[in-house]
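Subject: Structure for you to look at

Hello,

Here is the structure I said I would pass on. Please open it first; my notes on what I found follow below.

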Amino acid sequence: MTKIDLDAIFENLKEKLIRYGQEHLFKYWDELTDDQKKTLIRDIDEINLEEVQSFFKRATSSLEESAKKLDDRMEPIPESTFMSTSRTSEEKLKVYENEGLTHIANNRVGVLLMAGGQGTRLGSTNPKGMFDIKLPSRKSLFRVQGERIRKLQELAKNHTGLDGHIVWYIMTSEHTMEPTQKYFRDNNYFGLQKDNIEFFEQGSLPCFDFDGKILLDEKHRIAKAPDGNGGLYRALRDRGILADMNRRKVQYLHAHSVDNILIKVADPIFIGYCAKQNADCAAKVVEKSHPNEAVGVVCMVDGRYQVVEYSEITQKTAEMKNDDGRLKFNAGNICNHYFHADFLNKIGSTYEKELKLHVAQKKIPHVDSTGLRVTPEKVNGIKIEKFVFDVFEFAENFVSVEVARDVEFSALKNADSAGKDCESTARKDIFNLHRRYIEKAGGKLTDQVQEIEISPLISYAGENLEPLVKGKVFDTTTVHLMCPSEIPIKNGHL
């Protein structure tokens, strides 16, 4: 663009900014270089000012509403739409598993990985999926999950004779897209077909001060933040992923966050159960460990499915119990969901614009009134987010599946100093699970054994281990079962 072009664009945009009360975004225009002016113009052009203005009004007006307790409007999940894996017969679970494996073998299953987060709280600047929790193999979260997909495709082929595949859709953020793609390339896509992995970027929204003014991160850049994991629905539509699913005839999608080391990626039991129930949407849940556990609860509010945060109910309701002594509201949400493709298309075309907006009040670095970029010591503005579970209310046929926490859920969110949901607990949880797998298959582990890891390429969920461990006694400090072809890994890289 020439200087004349820039000035002409400036005049046109300035009128638009004045109309929406955001003319301060051009306050430092005369101080900018031509390249910086182009950056600012691009940032402003990417914003639908009318829409984000309405988002601010909707989000802030919901603050008062969200402060109200929901006790009188809540009901537990109906038994008719609920299955517990621990209280379901092995025979029935096998039926669901076979159903799921059949769909996988017929190329009807996709996985949506929400991988936009960075490992900042873990002390890393890399995407969280690259994090190494120091397993004996030194495999990252990305690698473990990719290898589980490989093994599941193998199991599906063994079950049906069909050489099917799972499509892996990976949602990154602006900051994690490039390093994530490079990491996958450098690691040869963990043995998966490159054509069956699709990367796409979630959207972002501008950050506001409390008066609705969009903040500047720098004089030539707007302060933006990812639009939350609920932004995936717009991203699926706008980034062409729904079109890709339709082209590939993917019908069933398993969506989950990247930070669960125990995740059963594309769990065939979950897929099979949901398919047999003709569900359009589903959630895996774990039983709450105690009334005050800081997790949302899947329940019904005013007759529609919803996740209610622990802060939205009173202590009395949190402690309510059924006749069997279990908590009345005990279905803890773990960001582990199923979607039918038809439902996702309906969300994209009709309901996405109706999703609830949530406000996070934050300390947002910004350019202050004197032109200096500051990092405030107090909360100074808001970020607007959407949550993945807020589509539940639009589901006509919603089901939930309760799974064992020690088998399927171990979150990696904090530095080790926190003592929970951290590297040490994730590592301990996978060691304990793999210990149980070996013992169930007839192996014995002495007290000498401290670390136990089973490669996903050996076993997806503890199956087919008998030939390797039955009748054997393991007495070394580390037990690491892996394929002969596997190459030792250092820091998550080959």
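This is a predicted model. I begin with strand β14 (residues 304-308), where four of the five residues are buried, which leaves the strand mostly covered. Strand β13 (residues 297-301) runs antiparallel to β14 and is joined to it by five bridges. In this pairing V297 stands opposite V308 of β14. The hairpin of β13 and β14 has two residues between the strands, and D302 takes a positive phi there, near 55°.

Next, helix α11 (residues 341-351). Its buried residues are A341, F343, L344, I347 and G348. They lie on the same side of α11, because the arc they cover around the axis is only 165°. An α-helix has 3.6 residues a turn, so residues three or four places apart point the same way. D342 and S349, on the other side of α11, are exposed. The cover over the buried residues of α11 includes two helices, α7 (232-238) and α8 (241-248), and the strands β11 (252-257), β12 (281-287) and β15 (331-340).

Last, the second largest pocket, with a volume of about 1000 Å³. It is lined by 32 residues, of which E90, E97, K264, K440 and A461 are the closest to its centre. Two or more lining residues come from each of α4 (90-105), α5 (141-160), α9 (268-276), α12 (405-408) and α13 (423-440). The largest share, six residues, is from α4. By type, the lining of this pocket has 14 nonpolar, eight polar and 10 charged residues.

Regards

Methods:
Residues numbered from 1 in each chain as written. Predicted model: local features only at pLDDT ≥ 70, side-chain atom pairs only at ≥ 80, totals over all residues. Heavy atoms only, no water. Buried < 20%, exposed > 50% of the residue type's maximum accessible area, 1.4 Å probe, protein only. Pairing = 2+ DSSP bridges. 1 Å grid on protein atoms, 1.4 Å probe; cavity = no way out; pocket = protein on both sides within 12 Å on 5 of 7 lines; lining within 4 Å. Points joined across faces, edges and corners; volume = space filled by probe spheres on them. Nonpolar A, V, L, I, M, F, W, Y, C, P; charged D, E, K, R; others polar. Arc of directions from axis to C-beta. Contact = heavy atoms within 4.5 Å.
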